[in-house]
Amino acid sequence: SDLNPAQAVCLVMNYVVAYQMLYRAASVKPGERVLIQSAAGGVGTALLQLGQLAKLEIYGTASSGKHELIASLGGAPIDYKKEDFVERVFAMTGDGVDVIFDPIGGTHTWQSYRMLRKGGRLIVYGAHTVIEDGVFKMLLGSILSSLLNLIPGKRILNYNVTRSKYSTPEWCREDLSKLFVLLAQKKVKPIIAEQMPLVEAAHAHELLEKGSATGKIVLICNT
């Protein structure tokens, strides 16, 4: 096979997560407006590429140094560090977006929820809140999500690739097969931040926690 092994590895996690959130959780439709938080990360860049194929109108938050990458993948970049990204989204769209992919969650959920149009879906995934703010803020976010879901018109959905109704073994195999076809057709191209030997796994985790990696960090097992 001509497939790049490092790129193929990215499909197994990042692209399956992105594909299932787009099509199984959010049920996106062509022309919908989508906001991707942390758009320059591994899942974020996968969402950008797959979202472009799905003909979505895409916006992505990231620090200014990563804006060129986001624009090259079809997204309109927003600097979450130097501007109020909620105000910026409304300034760019007029009335908000249809779908938001948010890896932060916790009390950050309210900011994302505010940007949704009627019928909007907020997909919360990942564990950034636990890493940065601890379990307490994660629990507050869960309570907030439950309360907001009592209000009709918008929905907050939680996605977890290991324990989600969207990630059954059958669906994972089906979705991964579709993604391998897209990779072979060069319709997706995983962004590899770095390829590092397995012994540098601790350093790789440091880069991820600092948010300094653009795309996916792939660990190589040298035998």
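## Aromatic pairs

Rings of Phe, Tyr and Trp (its six-membered ring) pair up when their centres lie within 6.5 Å; planes under 30 degrees apart make a stacked pair, over 60 an edge-to-face one, and the rest are tilted. By that rule, there are two aromatic pairs here. This is a predicted model, where local features need pLDDT of at least 70 and side-chain atom pairs count only at pLDDT 80 or more, while totals for chains, interfaces and linings use all residues. Residues are numbered from 1 along each chain as its sequence is written, and side-chain values use heavy atoms, leaving out hydrogens and water.

Y19 and Y23 make a tilted pair, 4.7 Å centre to centre with 40° between the planes. Both sit in helix α1, four residues apart, or about one turn (helices are DSSP runs of H or I, at least four residues; strands are runs of E, at least two). Y19 is buried at 12% relative accessibility, while Y23 is partly exposed at 34% (buried is under 20%, exposed over 50%, partly exposed in between, with a 1.4 Å probe and protein chains only).

W110 and Y113 are stacked, because their ring centres are 6.0 Å apart and their planes at 20°. W110 is partly exposed at 42%, whereas Y113 is buried at 6%.

## The sheet

Six strands form an open, parallel sheet in the order β3-β2-β1-β4-β5-β6 (two strands pair if DSSP finds at least two bridges between them). The edges are β3 (75–79) and β6 (155–159), each pairing on one side only. Five bridges join β2 (residues 57–62) to β3, and Y59 stands opposite A76 in β3.
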